[in-house]
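Please keep the sequence and the structure in view while reading.

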Amino acid sequence: MKPLVKYLTEEDAIARVGKGWESLVRRVYNAKVGLGVPVGIIQVKEKWGGLRIYTEYYVREIEDVITEVGRKSLEICEQCGSPAGLVKKGTWYQTRCEEHRGDWTPVEQ
């Protein structure tokens, strides 16, 4: 029987966000294998400036890693992986370093 949703391979997941977050995505996949968690990853994206990773169902051990990685993504430039902060333009948010910030406005936290 074919699954109802398509599980993302590690490489597919990495391709869905900027190069700077590659190590964060890999960390989740490594944890999934290391913990022996048989859960499929169904979506990886940027939302409100942070990395979001969704699984087919809740498994606490992997969700703890996903939560930690999501928090860390708010400190790492999605483009290059350098230290960064949240910036905005209108209603759009991103996490960018000084070099990749462009004309986006830093968000006070």
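At what angle do α2 and α3 pack, and how far apart are their axes? Before the answer, a word on the basis of the report: this is a predicted model, in which local features need pLDDT of at least 70 and side-chain atom pairs count only at pLDDT 80 or more, while totals for chains, interfaces and linings use all residues. Residues are numbered from 1 along each chain as its sequence is written, and side-chain values use heavy atoms, with hydrogens and water left out.

**Two helices packed together**

Helices α2 and α3 pack at an angle of about 165 degrees, and their axes lie 10 Å apart. Here the axes are lines fitted to C-alpha atoms, for helices over the stretch in contact, and angles run from 0 to 180 degrees between N-to-C directions. That angle makes α2 roughly antiparallel to α3, a term for angles over 145 degrees, whereas angles under 35 count as roughly parallel, 65 to 115 as roughly perpendicular and the rest as oblique. The crossing of α2 past α3 is right-handed, which is the word used if the near helix is turned clockwise from the far one by less than a right angle, with left-handed used if it is turned anticlockwise. On the α2 side, the residues that meet α3 are Leu24, Arg27, Val28, Ala31, Lys32 and Leu35, and their partners in α3 include Ile62, Val65, Ile66 and Val69; contact means heavy atoms within 4.5 Å.

**Helix α2 by itself**

Helix α2 covers residues 22-35, and its 14 residues reach 20 Å from the first C-alpha to the last, close to the 20 Å expected at 1.5 Å a residue. The expected span is 1.5 Å times one less than the number of residues. Helices (H or I, at least four residues) and strands (E, at least two) are DSSP runs, numbered from the N terminus. Which residues of α2 are buried? They are Glu22, Leu24, Val25, Val28, Tyr29, Ala31 and Lys32, where buried means under 20% relative accessible area, exposed means over 50%, and partly exposed lies in between (1.4 Å probe, protein chains only). An α-helix has 3.6 residues a turn, so residues three or four places apart point the same way. The buried residues of α2 pack against α1 (10-15), β1 (41-47), β2 (50-55) and α3 (60-73). Just after α2 comes Gly36, with a positive phi of about 70 degrees.

**The whole chain**

The protein chain has four helices and five strands, and along the sequence they follow the pattern α-α-β-β-α-β-β-α-β. Its C-alpha trace spans about 50 × 25 × 20 Å along the principal axes. Of its 109 residues, 38% count as buried. Among contacts between residues at least 6 apart in sequence, 39% join residues at least 24 apart.

**Single residues and their accessibility**

The table sets out some residues discussed in the text that follows.

| Residue | Relative accessibility | Class |
|---|---|---|
| Gly50 | 0% | buried |
| Gly70 | 13% | buried |
| Tyr93 | 22% | partly exposed |
| Trp48 | 54% | exposed |

Gly50 is found in strand β2, and, not counting residues up to four places away in sequence, Gly50 touches Trp21, Lys45, Ser73 and Leu74. Gly70 belongs to helix α3; Gly70 and Asp12 are 58 residues apart in sequence and 18 Å apart in space, C-alpha to C-alpha.

Tyr93 lies in strand β4 (residues 92-96). Leaving aside neighbours within four places in sequence, Tyr93 is in contact with several residues, among them Glu46, Trp48, Leu86, Trp104 and Val107. The C-alpha atoms of Tyr93 and Val107, 14 residues apart along the chain, are separated by 8.8 Å.

Trp48 sits in the loop between β1 and β2, and has a positive phi of about 55 degrees although it is not a glycine. Most residues other than glycine have a negative phi.

**Cysteines without a disulfide**

Why does the count of disulfides come to zero? A disulfide is a pair of cysteine sulfur atoms within 2.5 Å. The sulfur of Cys80 is 3.7 Å from the closest cysteine sulfur, in Cys97, and that is too far for a bond, so the count comes to zero disulfides. Cys80 counts as partly exposed at 35% relative accessibility, whereas Cys97, at 6%, counts as buried.
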